[in-house]
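The entries follow the order in which I looked.

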Amino acid sequence: MAQIIKYTKKGESLYRFKLYLGIDPVTGKRVETSRRGFKRKKDAERVIRQLQLDFANGNYGKAKDTNIKTFDDLFNLWFESYKNTVKPNTAETKKIRYERVVKPLIGNANIKKITPALAQQIVNKLAAKYKSYRQYLVILNSPLNYAVKLSMLDVNAFKLVIFPKATDKKKYKHIESDNNFYSKDELITFLENVKGYNFKYYTFFRLLAYSGMRSGECLALQWKDIAFNDQTITITKTTAYNPGKKETTINTPKTKKSKRVISIDDVTLSVLRKWRLQQQKRLLKFGFNTNNSQQFLFTNPETNKYYPSHVATSWLGTVYRNFSDMKKITAHGFRHTHASLLFESGANIKEVQERLGHSTSKMTLDIYTHVTQNRKQETSLKFANFMQN
């Protein structure tokens, strides 16, 4: 019998179990084992069934499949289960990262000979080449953790490494996350410039900045999602790019909480009305009648198909090339901007969490630990005024 117990670790719900397998025919003693760290109950149930089968066949404690010898074998075994737990584009992205980066480093290595020393060498190589090298450690750790759960290995060698400082080579330029947002004045300047340059871009980036939506959520909006009378936007979907198939599909949002209804201001609604008229005129020239609620807000004028998620980065690059003096942020930076200005305007953490569609308030706090300089100065002044009174 096995009892699966739910527990919490660092705010995350996980599962563990203790399992009685039977009597060892050699020693005559009870054989019990335990496992923990499962994200889903059915993952724990699958390991229980495998352990029971191995014990019945006299293979308990041995490698579960003699064909699993190299890390590549292990990755493929793990991936078969993993791909059913995430969205297709997420699984495909992980597979591509493995094939391009991880496999050349460790694919042919015997899993029994992956020592902490070898693990450290691989981590050092990744850190010397990639600024965000830890995204590849997930691809290394997950299959090895799976092997430990199945008793193929006693320990995951990558759990014993020291994490080096990532590369700071100039060719890996990026926008620092703690500065990836606009202040109020910077946002106003950006929108004023873009409005006179390209009204479609202006509508899109204003909508991002005034709603806090992810760019994929914005690109997946249809006119039926805009309730002009109620002044709300309903978010139920997102665009998702599958790099393996090189195609974009409409998918469910990132999390359950991402499905939400948010209020929107009068001026932004007015901009949307103006954009809808422009869109209808533009697409009519290509033979498309867009006067229906199913029409997407942003589409390729020649095909009337919704755009891939990465088009936001392309649009933003075009804007910055034409206005080189402006501060540069990423497309996701407009979501950061919205959150920062919400905090600055006096919104509380719960309000920001619900508007952004985060699962927990802790997630909101972890991501938006930064605030604008104005808010920092305001906090300091509040304290000084309080002490003087």
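I took a patch as residues with over 30% relative accessible area and no salt bridge, where like charges are joined within 9 Å and nonpolar side chains (Val, Leu, Ile, Met, Phe, Trp, Tyr) within 5 Å. The model is predicted, so I noted that local features need pLDDT of at least 70 and side-chain atom pairs pLDDT 80 or more, while totals for chains, interfaces and linings use all residues. Residues are numbered from 1 along each chain as its sequence is written, and side-chain values use heavy atoms, with hydrogens and water left out.

Entry on surface charge. I found Lys9, Lys10, Arg36 and Lys159 gathered in a surface patch of positive charge. Lys9 belongs to strand β1 (residues 2-9) and is partly exposed at 49% relative accessibility, where buried means under 20%, exposed over 50% and partly exposed in between (1.4 Å probe, protein chains only).

Entry on salt bridges. I counted 11 of them, each being a side-chain nitrogen of Lys or Arg within 4 Å of a carboxyl oxygen of Asp or Glu. Arg260 and Glu217 meet in one at 3.0 Å, N to O. Because Arg260 lies in strand β8 (residues 260-263) and Glu217 in helix α8 (residues 215-219), this pair ties together parts that are 43 residues apart in sequence. Arg260 is buried at 7% relative accessibility, and Glu217 is buried at 1%.

I then looked up Arg30 and Glu32, whose side chains form a salt bridge at 2.7 Å, N to O; Arg30 is exposed at 54%, whereas Glu32 is partly exposed at 42%.

Terms used. Accessible areas come from the Shrake-Rupley method with a 1.4 Å probe; for residues, only the protein chains shown count as cover. Lys and Arg count as positive and Asp and Glu as negative; His and the chain ends are not counted. The place of a charge is taken as NZ of Lys, CZ of Arg, CG of Asp or CD of Glu. Helices (H or I, at least four residues) and strands (E, at least two) are DSSP runs, numbered from the N terminus.
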